[in-house]
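Reader: Can we go through this one together? I'd like to start with the ligand.

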Amino acid sequence: MRITVIGTGYLGAVHAACMAEIGHEVLGVDVDTAKIEALAAGRPPFHEPGLGEVLSRNVERGRLRFATSLAEAAEFGDVHFLCVGTPQKPGSNAADLRHVDAVIDGLAPHLHRETLVAGKSTVPVGTAARLTARVREAAPVGAGAELAWNPEFLREGFAVQDTLHPDRLVVGVASASADDLLRAVYAPILEADGTPWISTDLATAELVKVSANAFLATKISFINAIADICEVTGGDVTTVAKAIGYDARIGPRFLSAGLGFGGGCLPKDIRAFMARAQELGVHDALGFLREVDEINMRRRRRTVDLARDLIGGSFLGRNVAVLGAAFKPDSDDVRDSPALNVAATIRLQGGQVRVHDPAAIDNARAAFPTLEYTLDVEKACEQADLVLHLTEWQEYLDLDPAALAGIVRSTKVIDARNALPTRQRPAHRGSRRLR
Ligand code: NAD
């Protein structure tokens, strides 16, 4: 099939490459010319394990092309996947839908034959219905332009694997023909893996995505709230999490107490969900998400407070090594990164902060230019009064603490991800976990 993917960021670039990988002819479209040039040359514009191979293989095969023109996209595609960003609106909790609207407004006037536009961006419930009217009004083909919503659940760091082998595919459609068309797009995946196919209406599909993210955020904040209680009672939250995780109704995943969640999805998605509930007059229903957000932001403050306490009450004249800048390992994404939030706060409180990250330094420097950065872990730790482990890259888990002990000024470590291997209880080693 001939497919376009409009918006080639973390989601769209992977989707475009993977759609070509399963046999489609794909045109990726973005307004960012530098990104398009890199992708057209087979180079991923961001760090995502495995993307380079899938991308370059399909560009070389001639199945995957990139462009900046929506007119070209309209001419080329039978199905258009919409993958542009839906960030938080400045000054509000709501989602900023200006990029989604811009694509619809730019694409629709070129739609001269029957087409399916399938949104993948995460949007507030009701968006797809609104866009259906908008696309039909502006498209020369009128009602021949149909809209569907096909939310995406990929995880950065596993994006290629998650796209080629999703644990479920969800489509919100308004007709059987839209369902058939999307089934045909995903047929190679459905046939190979027997992936569950959930076909529903537009609103339900939109809600599946935001509900999934709200649940995951709640699970993380839940265990972090329990961690606060453990802290004052001497309980061990890691053992609590392990023990409750054996209950199949609870499950062990997303129960790691620590610095909390960040990134370009969970924080803005729970806020947009709350804002949408407010618009719908049911804000009480999602009141708990405010607390989920609060608990999460408190983790960052708590880490800074713990760090300050550990080095004697002030950051002035102190060197702090920060291991990790990305919001999660195996990604260079620093959007709403808890690690950078902590690093920048310590810098503002007078600490000398040196940040290491294997992949996210360029993005981190663009977001926080006043921090010091290095690609060398040892350099980051040189003469450090405190080492903060803030993003659980494998490289940090593999570090030899004995070797680092000779480099730092003081062997104090905060493992804010509760991930470093410890042989003894942390309290006996002079290192603290964020519990
Ligand atoms: P991103 O910022 O990495 O990518 C968005 C891309 O859209 C950018 O390359 C931008 O240049 C492009 N764009 C903006 N306006 C455009 C326009 N008018 N025409 C063409 N391109 C345009 O964002 P992302 O992380 O890929 O997220 C995209 C959407 O997918 C969001 O709604 C997000 O919530 C959702 N999502 C993301 C992930 C993830 O892990 N990143 C997972 C699931 C869902």
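Reader: Which residues come nearest to the ligand?
Author: Asp30, Lys35, Thr86, Lys268 and Arg335 come nearest, out of 25 residues around the ligand. Near means that a heavy atom of the residue lies within 4 Å of the molecule. Keep in mind that this is a predicted model, where local features need pLDDT of at least 70, side-chain atom pairs count only at pLDDT 80 or more, and totals for chains, interfaces and linings use all residues. Residues are numbered from 1 along each chain as its sequence is written, and side-chain values use heavy atoms, with hydrogens and water left out.

Reader: How far is Lys268 from an oxygen atom of the ligand?
Author: A polar atom in the Lys268 side chain is 2.6 Å from that oxygen atom. For Arg335, a side-chain N or O atom lies 2.8 Å from an oxygen atom of the ligand. Leu11 uses a polar backbone atom, also 2.8 Å from a ligand oxygen. A polar contact here is a pair of N or O atoms within 3.5 Å.

Reader: How much of the ligand's accessible area does the protein cover?
Author: The protein covers 88% of the 820 Å² that the ligand has on its own. The areas come from the Shrake-Rupley method with a 1.4 Å probe.

Reader: What kinds of residues make up the shell?
Author: Nine are nonpolar, eight polar and eight charged. Asp, Glu, Lys and Arg count as charged, and Gly is among the polar ones.

Reader: New topic. What domains does the chain have?
Author: The assignment gives domain 1 (2-200) and domain 2 (261-431). Such bounds come from an automatic or database assignment. The two centres, taken over C-alpha atoms, are 33 Å apart. Each domain gives at least three residues to the shell around the ligand.

Reader: And what is the mean pLDDT?
Author: The mean is 96, and 97% of residues reach 70 or more. pLDDT is the predictor's confidence in each residue, from 0 to 100.

Reader: Where does pLDDT stay under 50?
Author: Over residues 425-431. Where pLDDT is low, the predicted coordinates should not be read in detail.

Terms used: Polar contact = N/O pair within 3.5 Å; in protein donor to acceptor, adjacent residues only side chain to side chain. Contact = heavy atoms within 4.5 Å.
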